[in-house]
Amino acid sequence: MSLYTPGEVAQRTGLSLDTLRYYERIGLLDGVDRTPGGRRQYSDGDLGWLGILRCLRETGMPIQRMLQFAELCRDDDTITDRIALLEQHDQSVREQIAMLQAQRTHLRGKIDYYRAIG
């Protein structure tokens with residue numbers, strides 16, 4: 001098992017050091033080990049967890065909902081609830097993508113218009 005410093009984790013995940021500390025403080029990231037000197041050291045498992053957290057956040061999941069997901073993940077008997085939460089979020093992402101595609105079509109139309117008159 002590999003261990004990583006906060007700087008290495010920030011570089012690997014694209015999350016800032018402030019975000020890592022924030023996620024730990026609010027309970028999205030728990031159980032981070034410490035060196036004898038008190039410095040955080042992250043595991044491969046932590047990196048995997050941070051990957052899903054980044055995915056959820058970048059796809060627009062509110063922090064409160066992420067906290068619900070994290071709480072569900074701490075209980076082995078919540079697989080059905082986790083699936084439901086992720087399916088709801090997936091639907092939201094699909095709707096967001098459809099809206100963005102429609103807006104992009106509108107933008108492309110405006111670009112084409114200006115090119116035609118320019």
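**Stop 1**

Select Met66: not counting residues up to four places away in sequence, it touches Tyr23, Leu28, Leu53, Leu56, Arg57 and Met61, where contact means heavy atoms within 4.5 Å. This is a predicted model, in which local features need pLDDT of at least 70 and side-chain atom pairs count only at pLDDT 80 or more, while totals for chains, interfaces and linings use all residues. Residues are numbered from 1 along each chain as its sequence is written, and side-chain values use heavy atoms, leaving out hydrogens and water.

Next, select Val9, Leu20, Tyr23, Leu28, Tyr42, Leu50 and Met66, which touch the most other members of the 21-residue largest nonpolar core. Such a core is a set of buried Ala, Val, Leu, Ile, Met, Phe, Trp, Tyr and Cys residues joined through side-chain atoms within 4.5 Å; buried is under 20% relative accessible area, exposed over 50%, partly exposed in between (1.4 Å probe, protein chains only). Two or more residues come from each of α1 (6-13), α2 (17-26), α3 (44-58) and α4 (63-73). The most, five residues, come from α4. Helices (H or I, at least four residues) and strands (E, at least two) are DSSP runs numbered from the N terminus.

**Stop 2: Ser43**

Move to Ser43 in strand β3 (residues 40-43). Ser43 is buried, at 13% relative accessibility. Leaving aside neighbours within four places in sequence, Ser43 contacts Met1, Ser2, Leu3 and Tyr4.

**Stop 3: the cysteines**

The whole structure has zero disulfides, a disulfide being a pair of cysteine sulfur atoms within 2.5 Å.
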